[in-house]
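Here are some notes for a colleague who has not looked at this structure before. They take up the helices and then the charged pairs.

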Amino acid sequence: WNRQAMLETSRRAFMQMMLSWETGDPAAAPADDVFPDLVGHLRADIAKNKEQGITIEYRNLCVRKAELVLIRNFSDNSKDEFVVRIRAHAQKCRRRQDAIVQQDEDVMPYEMFLTFGRLDNRWKLKEILLPAAATNLVGQENIDQDSNAQQLQWYYQHRRAV
């Protein structure tokens with residue numbers, strides 16, 4: 001439960017995921033930091049876009065802030081997970097057969113909620129949540145089945161996303 005490592009993993013996985021969409025190459029999906037079933041879904045979606053001639057561009061993509069929203073610590077470490085809110089900005093441009101279908105006029109802020117779980121003793125991206133489905137997570141209490149004084153102190157010495 002290293003807060004800094006969790007946030008760095010979140011930023012890295014987010015950027016790799018977004019850049020894999022942008023490349024349009026299914027093989028570019030970030031297999032190292034993502035659960036295998038999610039990698040399969042990402043690759044299938046990227047391949048579908050490629051077949052339809054759809055490309056996505058994220059101009060000036062930048063992670064503005066990564067915040068831990070919810071922590072679920074279970075006795076069985078394989079069930080541990082955390083949710084992070086990534087606040088980013090980019091100018092999104094979507095093309096079909098080189099014709100612009102949709103484009104932001106300027107760089108626009110947006111947010112994504114990502115769930116990470118443990119796999120092979122590493123934090124990996126497990127699920128991408130829609131903002132509407134994830135907003136209720138911000139108010140939920142953290143779960144800690146086997147809390148001890150050190151863990152409680154860790155939770156309460158860090159600001160939580162609001």
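1. Two terms come up at once: contact means heavy atoms within 4.5 Å, and a residue is buried when its relative accessible area is under 20%. The model is a predicted one. In it, the buried residues of H2 pack against H1, S1 and S5.

2. Those buried residues of H2 are Leu38, Val39, Leu42, Ile46 and Asn49. They line one face of the helix, because seen down the axis of H2 they fall within an arc of 105°. Pro36, Asp37, His41 and Glu51 are exposed and sit on the face of H2 turned away from its buried side.

3. The length of H2 agrees with expectation: at 1.5 Å a residue its 16 residues should span 22 Å, and the end C-alpha atoms are 22 Å apart. After H2 comes Gly53, with a positive phi near 75°.

4. Helix H1 covers residues 3-23, and its 21 residues should span 30 Å at 1.5 Å a residue; the end C-alpha atoms are 30 Å apart, which agrees. At the start of H1, a side-chain oxygen of Asn2 comes to within 3.1 Å of the backbone nitrogen of Gln4. Just after H1, Gly24 has a positive phi of about 75°.

5. Which residues of H1 are buried? They are Met6, Leu7, Thr9, Ser10, Ala13, Phe14, Met17, Met18, Ser20 and Trp21. They cover an arc of only 165° around the axis, which puts them on the same side of H1. Their cover includes helix H2 (36-51) and the strands S1 (54-73), S2 (81-96), S4 (108-119) and S5 (122-129).

6. On charged pairs, the structure holds ten salt bridges. One of them joins Arg85 and Glu67, with the closest N and O atoms 3.0 Å apart. Arg85 lies in strand S2 and Glu67 in strand S1, so this pair ties together parts that are 18 residues apart in sequence. Both Arg85 and Glu67 are buried.

7. Asp80 and Arg118 also meet in a salt bridge, at 3.0 Å from N to O. Asp80 is in the loop between S1 and S2 and Arg118 in strand S4, 38 residues apart. Asp80 and Arg118 are both buried.

8. Glu111 and Arg87 form a salt bridge at 3.6 Å, N to O. Glu111 is in strand S4 and Arg87 in strand S2, 24 residues apart. Glu111 counts as partly exposed at 27% relative accessibility, and Arg87 is partly exposed at 31%. Through shared partners, salt bridges join Lys65, Glu67, Arg85, Arg87 and Glu111 into one network.

How values were computed. Residues numbered from 1 in each chain as written. Predicted model: local features only at pLDDT ≥ 70, side-chain atom pairs only at ≥ 80, totals over all residues. Heavy atoms only, no water. Helix = DSSP H or I, 4+ residues; strand = E, 2+ residues; numbered from the N terminus. Expected span 1.5 Å × (residues − 1). Buried < 20%, exposed > 50% of the residue type's maximum accessible area, 1.4 Å probe, protein only. Arc of directions from axis to C-beta. Polar contact = N/O pair within 3.5 Å; in protein donor to acceptor, adjacent residues only side chain to side chain. Salt bridge = Lys/Arg side-chain N within 4 Å of Asp/Glu carboxyl O.
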